[in-house]
Amino acid sequence: MGFDWPNMSSSYANFAGILAGFVFSGIFLLLEDEKRDASEVISILMVGFFGLLLSAFLFSNISGLSMGTANPLQLRMLSFRILVASIIFSITIMQMFLSLVFIFILYRLPQQVLSLSKMIYYGSAFIATMFVIRTFSALYTDVNILSTLTRDLFLTVLVSAVVLFILSKIFRRKLDIMFEKYFVRIITSSFVFMLALVIAYNTDMYLMEMPVIADHFIMVVFTINMMNNNFSINHEYRTMKIKENR
């Protein structure tokens with residue numbers, strides 16, 4: 001393997017733990033503000049907090065592995081667990097930046113600040129996506145697969161994002177109603193996705209080589225989660241504008 005994953009995982013675990021502390025503080029600050037309904041932001045932060053704690057635990061577990069005399073089976077297990085932890089960590093990073101956008105909307109900050117926060121979120125989502133895509137390559141040794149894997153997964157994300165974006169424009173009104181009624185449940189889908197990944201983490205799935213189609217499926221689900229966040233930002237912003245015009 002090209003990286004010293006156990007040592008790198010230790011750094012990721014520390015970083016996730018520090019971020020979890022900030023998120024926990026943010027939740028309490030919002031709970032103390034009785035003038036505003038921060039339930040949606042708190043829901044996002046709670047999912048992010050859970051994900052960061054989970055990421056810290058998983059990366060700490062990986063960092064405890066000794067790979068000095070690793071055999072191919074151990075390397076495969078390590079690669080699989082790194083992938084799972086990386087996906088969960090990437091989701092929670094996006095949740096953090098999503099919560100910042102919601103906080104800025106909640107406090108009615110100037111348009112320029114909102115636009116900047118949205119750009120930062122989109123940038124973090126892109127970086128997180130590329131981080132996950134690059135991690136998939138650790139699962140394979142076949143040169144033929146590795147030569148096209150990153151490109152193919154990126155195209156899967158791109159096509160999925162474009163299709164979902166078009167659908168969101170076509171069914172915008174229905175989605176607005178759905179997000180208005182079931183926002184917390186929709187945000188909870190990220191939590192469910194992370195739980196499914198944790199279950200996979202604790203299985204022996206690494207014993208068999210993961211088919212490439214499974215990688216594409218995971219990235220489609222990851223993209224759906226990301227586009228849910230994107231639509232929730234636009235929905236919340238439209239809701240704010242409607243309230244201001246009343």
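Leaving aside its neighbours within four places in sequence, with which residues is Val 220 in contact? In this predicted model, in which residues are numbered from 1 along each chain as its sequence is written, local features need pLDDT of at least 70 and side-chain atom pairs count only at pLDDT 80 or more, while totals for chains, interfaces and linings use all residues. Side-chain values use heavy atoms, with hydrogens and water left out. Once neighbours within four places in sequence are set aside, Val 220 is in contact with Thr 156 and Ser 160, where contact means heavy atoms within 4.5 Å.

Val 220 is found in helix H7, helices being DSSP runs of H or I with at least four residues, numbered from the N terminus. With a relative accessible area of 28%, Val 220 is partly exposed, a class that lies between buried (under 20% relative accessible area) and exposed (over 50%), as computed with a 1.4 Å probe on protein chains only. The C-alpha atoms of Val 220 and Leu 75 are separated by 26 Å, and these two residues are 145 residues apart along the chain. Helix H7 is also the place of Asn 225, which counts as buried because its relative accessibility is 5%. Not counting residues up to four places away in sequence, Asn 225 touches Ile 91, Met 94 and Ser 190. Leu 164, placed in helix H5 (residues 143-170), counts as partly exposed at 26% relative accessibility. Apart from its neighbours within four places in sequence, Leu 164 is in contact with Thr 223, Ile 224 and Met 227.

The packing of helices was examined next. Two packed helices are described by the angle between their axes and the distance between the axes. Here the axes are lines fitted to C-alpha atoms, for helices over the stretch in contact, and the angles run from 0 to 180 degrees between N-to-C directions. The axes of helix H2 (residues 39-63) and helix H6 (residues 172-201) come within 9 Å and cross at roughly 10 degrees, which makes H2 roughly parallel to H6 (angles under 35 degrees count as roughly parallel, over 145 as roughly antiparallel, 65 to 115 as roughly perpendicular and the rest as oblique). Among the residues that make this contact are Phe 50 and Leu 54 of H2 and Phe 191 and Tyr 201 of H6. By class, the contact of H2 with H6 has 14 nonpolar, four polar and one charged residues, where Ala, Val, Leu, Ile, Met, Phe, Trp, Tyr, Cys and Pro count as nonpolar, Asp, Glu, Lys and Arg as charged, and the others, Gly among them, as polar.

H3 and H4 pack at an angle of about 175 degrees, with their axes 9 Å apart, and H3 is therefore roughly antiparallel to H4. The residues of the contact of H3 with H4 divide into 18 nonpolar, five polar and one charged.

Aromatic side chains were considered as well. The structure holds 11 aromatic pairs, a pair being counted if the centres of two rings of Phe, Tyr or Trp (its six-membered ring) lie within 6.5 Å, with planes under 30 degrees apart termed stacked, over 60 edge-to-face and the rest tilted. The rings of Phe 15 and Phe 89 have their centres 6.1 Å apart and their planes at 70 degrees, so this pair is edge-to-face. Because Phe 15 lies in helix H1 (residues 5-32) and Phe 89 in helix H3 (residues 72-106), the pair ties together parts that are 74 residues apart in sequence. Phe 15 counts as partly exposed at 42% relative accessibility, whereas Phe 89 counts as buried at 6%. Tyr 121 and Tyr 122 also form an edge-to-face pair, at 5.6 Å centre to centre and with 65 degrees between the planes. Of these two residues, Tyr 121 counts as buried at 0% relative accessibility, while Tyr 122 counts as partly exposed at 33%. Ring pairs link Tyr 12, Phe 15, Phe 59, Phe 89 and Phe 131 into a cluster.

Finally, the charged end of Arg 81 sits over the ring of Tyr 201, 4.8 Å from its centre, and the charged end of Lys 118 sits over the ring of Tyr 237, 5.2 Å from its centre; the criterion is that NZ of Lys or CZ of Arg is within 6 Å of the ring centre and within 35 degrees of the ring normal.

Key: Helices (H or I, at least four residues) and strands (E, at least two) are DSSP runs, numbered from the N terminus.
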